[in-house]
Amino acid sequence: MESRGVTPGPYRATKLWNEVTTSFRAGMPLRKHRQHFKKYGNCFTAGEAVDWLYDLLRNNSNFGPEVTRQQTIQLLRKFLKNHVIEDIKGRWGSENVDDNNQLFRFPATSPLKTLPQRHPELRKNNIENFSKDKDSVFKLRNLSRRTPKKHGLHLSQENAEKIKHEIIKEDQENAVDNRELSQEDVEEVWRYVTLIYLQTILGVPSLEEVINPKQVIPQYIMYNMANTSKRGVVTLQNKSDDLPHWVLSAMKCLANWPRSNDMNNPTYIGFERDVFRTIADYFLDLPEPLLTFEYYELFVNILGLLQPHLERVAIDALQLCCLLLPPPNRRKLQLLMRMISRISQNVDMPKLHDAMGTRSLMIHTFSRCVLCCAEEVDLDELLAARLVSFLMDHHQEVLQVPSYLQTAVEKHLDYLKKGHIENPGDGLFAPLPTYSYCKQISAQEFDEQKVSTSQAAIAELLENIIKNKSLPLKEKRKKLKQFQKEYPLIYQQKFPTTESEAALFGDKPTIKQPMLILRKPKFRSLRY
């Protein structure tokens with residue numbers, strides 16, 4: 001069952017909770033069960049619920065295939081705690097659920113959570129105050145020159161070029177001294193341009209529901225853009241904000257395993273597990289997640305872009321959002337993602353957990369130190385796991401510096417200096433990223449295309465075996481026999497008769513004619 005699509009906006013985690021609980025109540029099969037010599041109707045076992053929920057979550061684009069069975073059990077425990085389910089005696093409120101045959105049922109009351117409502121007057125005041133602040137900040141001194149007309153969110157490329165030529169022509173006719181911009185003006189341009197790009201990439205009419213513009217600190221954006229190493233990692237001027245030396249050493253040890261394991265390091269059995277536990281303890285003890293509490297809603301809303309046909313949009317959106325982070329947080333996130341990505345791809349790394357794969361262990365261990373809410377949210381763990389999984393696969397693109405943002409800001413500052421625009425709201429002159437989307441198809445069409453593509457690839461493999469002239473005849477016969485055993489239908493399409501198969505090797509058909517033909521004897525009459 002796929003996601004119905006939770007729209008971007010505030011309290012998205014609560015909306016996802018309501019979506020999952022609604023799907024669970026509507027789709028979970030109910031039947032009669034016997035327990036302790038007594039029959040119970042319209043109920044299900046905990047194991048059956050785990051199976052159904054596990055399949056639901058893995059096929060939901062908001063959570064994805066990285067969801068583990070243990071995480072599903074944790075969600076079922078939260079269902080019992082929040083009275084989404086109850087045991088057959090009507091008890092709920094605890095988290096006493098395991099993957100077993102314990103019986104549960106749905107209560108008669110609604111399990112949906114109510115969305116908090118902000119007072120309309122407060123919301124209106126916040127918007128008005130921000131608008132006034134923005135106007136006062138962007139209103140530059142002694143700007144008397146006529147500004148280009150505003151057309152919606154940003155100017156079209158054609159209009160922008162037209163205005164640009166008009167401005168150049170006007171500059172040639174009337175040379176005007178550049179205005180001096182304050183540091184505050186520069187910082188507000190960075191804030192404005194970043195938010196405009198983010199709003200456009202996400203395709204939402206406004207960002208006010210998921211982020212307060214006043215929370216965006218332009219100094220962080222400017223620092224993260226300008227202070228990077230050759231590998232793109234943020235460098236810190238204040239070393240006290242950096243990772244401790246022993247943590248950095250431990251991370252390098254595991255990231256470069258086994259090359260970094262020189263003779264100076266102990267090599268006892270379980271050494272790598274102890275190093276990993278040391279790193280995990282440090283990150284789990286941080287006072288807040290690396291993506292910060294205040295940006296929780298923003299990142300949770302981007303989680304709904306994490307679909308195959310929206311992958312480029314998600315990367316660009318996360319790229320901008322990660323620029324908003326305090327530089328120490330961004331540096332720790334970069335180093336952590338690089339480490340866990342390398343560890344999960346390292347085939348030489350010994351097992352770090354007895355029952356869990358390396359990739360699942362990385363996601364399960366570090367998800368909550370990357371993303372979580374200041375207040376307890378029931379889907380925190382699943383949402384964080386989905387995001388960390390995506391960051392592991394795309395961290396190099398997500399955490400690199402976007403060059404187009406620097407270009408857009410420089411052009412805005414130039415136009416502000418020359419007085420061509422009075423404030424950034426008059427239009428973006430740098431082109432915005434453009435996206436092309438794939439057409440969404442049904443699950444049946446996807447399965448059909450998957451089968452046809454696979455069959456075409458297998459048929460191509462058969463052709464390669466047939467046309468391989470360097471392959472000895474005996475080896476070719478052996479491979480074809482093996483192919484015929486594995487893919488009889490495709491083999492039959494290529495060789496519908498024994499004659500066609502024999503023609504390949506230039507010999508007689510494999511099915512020989514009978515050597516002895518028995519004819520029916522002719523009975524003669526006994527009469528002469």
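Which residues touch the most other members of the largest nonpolar core? Phe-24, Phe-283 and Phe-366 do, in a core of 118 residues. A nonpolar core is a set of buried Ala, Val, Leu, Ile, Met, Phe, Trp, Tyr and Cys residues joined through side-chain atoms within 4.5 Å. Buried means under 20% relative accessible area, exposed over 50%, and partly exposed in between (1.4 Å probe, protein chains only). Helix α6 (residues 183-202) gives the most to this core, with 11 residues. Apart from this core lies another, of 11 residues, including Leu-462, Ile-466, Tyr-491 and Phe-505.

The model is predicted: local features need pLDDT of at least 70, side-chain atom pairs count only at pLDDT 80 or more, and totals for chains, interfaces and linings use all residues. Residues are numbered from 1 along each chain as its sequence is written, and side-chain values use heavy atoms, with hydrogens and water left out.

The protein has 19 helices and four strands. Helices (H or I, at least four residues) and strands (E, at least two) are DSSP runs, numbered from the N terminus. Of the 528 residues, 43% are buried. Contacts (heavy atoms within 4.5 Å) were also sorted by separation. Among those with a separation of 6 or more, 69% join residues 24 or more positions apart.

Phe-24 touches Phe-44, Ala-49, Trp-52, Leu-53, Leu-76, Phe-79, Val-84, Ile-85 and Phe-106, leaving aside residues up to four places away in sequence. Ring pairs also link Phe-24 into a cluster with Trp-17, Phe-44, Trp-52, Phe-79 and Phe-106. Rings of Phe, Tyr and Trp (its six-membered ring) pair if their centres lie within 6.5 Å; planes under 30 degrees apart count as stacked, over 60 as edge-to-face and the rest as tilted. The structure holds 14 aromatic pairs. One of them, Tyr-282 with Phe-283, is edge-to-face, at 5.4 Å centre to centre and 85° between the planes. Tyr-282 and Phe-283 are both buried.

Ser-23 lies in helix α1 (residues 12-27). Ser-23 counts as buried because its relative accessibility is 5%. A polar atom of its side chain lies 3.0 Å from the backbone oxygen of Glu-19.

In helix α19 (residues 498-505), the buried residues include Thr-498, Glu-501, Ala-502 and Phe-505. They cover an arc of only 100° around the axis, so they sit on the same side of α19. The arc is that of the directions from the helix axis to the C-beta atoms. Helices α17 (473-486) and α18 (488-494) are among the elements that cover the buried residues of α19.

Conventions: A polar contact is a pair of N or O atoms within 3.5 Å; within protein, one must be able to donate a hydrogen and the other to accept it, and residues adjacent in sequence count only if both atoms are side-chain atoms.
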